[in-house]
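Please keep the sequence and the 3D view at hand while you read.

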Amino acid sequence: MRPFQSKNLFLLHLTTPQLVVFERILEPLALPRDFELASIGLPVSHYYFLESGIASMVATSPEGKKAEIGLVGRDGISPPALTMEAEKFSFDVMMQVGGAGRRVEARALAGFLFDHPAVRQLLVRFLHGFFAQVANTALSNAVHKIDVRLAKWILMCHDRIDGEEIALTHEYMATMLGVRRSSVTEALHILEGERFIYSHRGLVIVRNRASLEAFAADAYDVPGVSGLSWPDLGQRSLIAVQ
């Protein structure tokens with residue numbers, strides 16, 4: 001019997017014996033919006049396995065301009081890192097949609113991975129998917145219009161939540177996409193005009209996901225970005241095991 005039920009895809013992939021051991025160093029906690037999971041220039045103290053909510057990894061220019069370069073929800077580990085021993089982290093990671101999850105102290109995780117090489121390989125698989133997301137997001141930022149990029153981003157958020165409502169302000173979306181707030185407003189009007197979504201007072205409601213996917217097209221339907229590309233389980237399969 002598994003020690004606890006989890007919505008986190010990484011934890012779902014652990015065998016029961018692995019999870020029994022891992023539970024001893026995991027700490028359940030609430031993760032409200034704007035909670036900092038990692039800060040630029042500082043060592044990572046904890047790693048998080050989200051059960052709900054969404055975390056954004058944000059890059060900052062020397063002039064202070066910000067843009068999201070990747071996001072993680074219940075599909076993996078945050079902050080995404082290939083080593084547990086880095087002295088400094090290069091980005092900020094914060095909760096953009098509040099939720100809950102479990103965290104583990106960085107040294108404890110390093111020790112667990114040393115003792116369980118199969119889990120380390122599993123972690124590498126998830127990190128490969130995340131960095132595919134980062135690469136394809138960079139490509140999308142270069143070749144797609146803002147309305148298509150926004151559609152892709154809404155779909156990525158929708159993959160990581162239950163229900164159709166996503167709590168996001170225009171200002172926050174502008175920061176995450178690295179564009180002006182007015183550009184986000186115009187893009188939202190396009191998506192609303194097509195009846196893909198409804199936007200009102202810091203809330204985006206997905207009305208027609210299939211049409212939104214068709215509109216986002218190759219901006220969304222690529223490895224690392226689409227929820228269907230998650231290891232072994234797609235987003236709809238994940239909901240089925242909750």
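This is a predicted model: local features need pLDDT of at least 70, side-chain atom pairs count only at pLDDT 80 or more; totals for chains, interfaces and linings use all residues.

- Leaving aside residues up to four places away in sequence, leucine 11 touches Arg2, Phe4, Ser6, Leu19, Phe22, Phe49 and Glu51.

**Helix H6**

- Helix H6 spans residues 170–177, and its buried residues are Tyr172, Met173, Ala174, Met176 and Leu177.
- These buried residues pack against several elements, among them strand E3 (46–60), helix H5 (146–159) and helix H7 (181–193).
- Just after H6 comes glycine 178, with a positive phi of about 70°.

**Serine 78**

- You will find serine 78 in the loop between E4 and E5.
- Serine 78 has a relative accessible area of 1%, so it counts as buried.
- Its contacts, not counting residues up to four places away in sequence, are Leu37, Tyr47, Tyr48, Ala55, Val72 and Val93.

**Salt bridges**

- Arginine 102 and glutamate 51 meet through their side chains in a salt bridge, at 2.7 Å from N to O. Because arginine 102 lies in strand E5 and glutamate 51 in strand E3, the pair ties together parts that are 51 residues apart in sequence. Both residues, arginine 102 and glutamate 51, are buried.
- Aspartate 162 forms a salt bridge with arginine 74, and their closest N and O atoms are 3.1 Å apart. Aspartate 162 lies in the loop between H5 and strand E6 (165–167) and arginine 74 in the loop between E4 and E5, so this pair ties together parts 88 residues apart in sequence.
- Aspartate 162 is partly exposed, at 42% relative accessible area, whereas arginine 74 is buried, at 1%.
- A network of salt bridges links Lys7, Arg74 and Asp162.
- In helix H8 (residues 209–216), glutamate 213 and arginine 209 are four residues apart, which means about one helical turn separates them. Their side chains meet in a salt bridge of 2.7 Å, N to O.
- Glutamate 213 is partly exposed, at 31% relative accessibility, while arginine 209 counts as buried, at 15%.

Terms used:
Residues are numbered from 1 along each chain as its sequence is written. Side-chain values use heavy atoms; hydrogens and water are left out. Buried means under 20% relative accessible area, exposed over 50%, partly exposed in between (1.4 Å probe, protein chains only). Helices (H or I, at least four residues) and strands (E, at least two) are DSSP runs, numbered from the N terminus. Contact means heavy atoms within 4.5 Å. A salt bridge is a side-chain nitrogen of Lys or Arg within 4 Å of a carboxyl oxygen of Asp or Glu.
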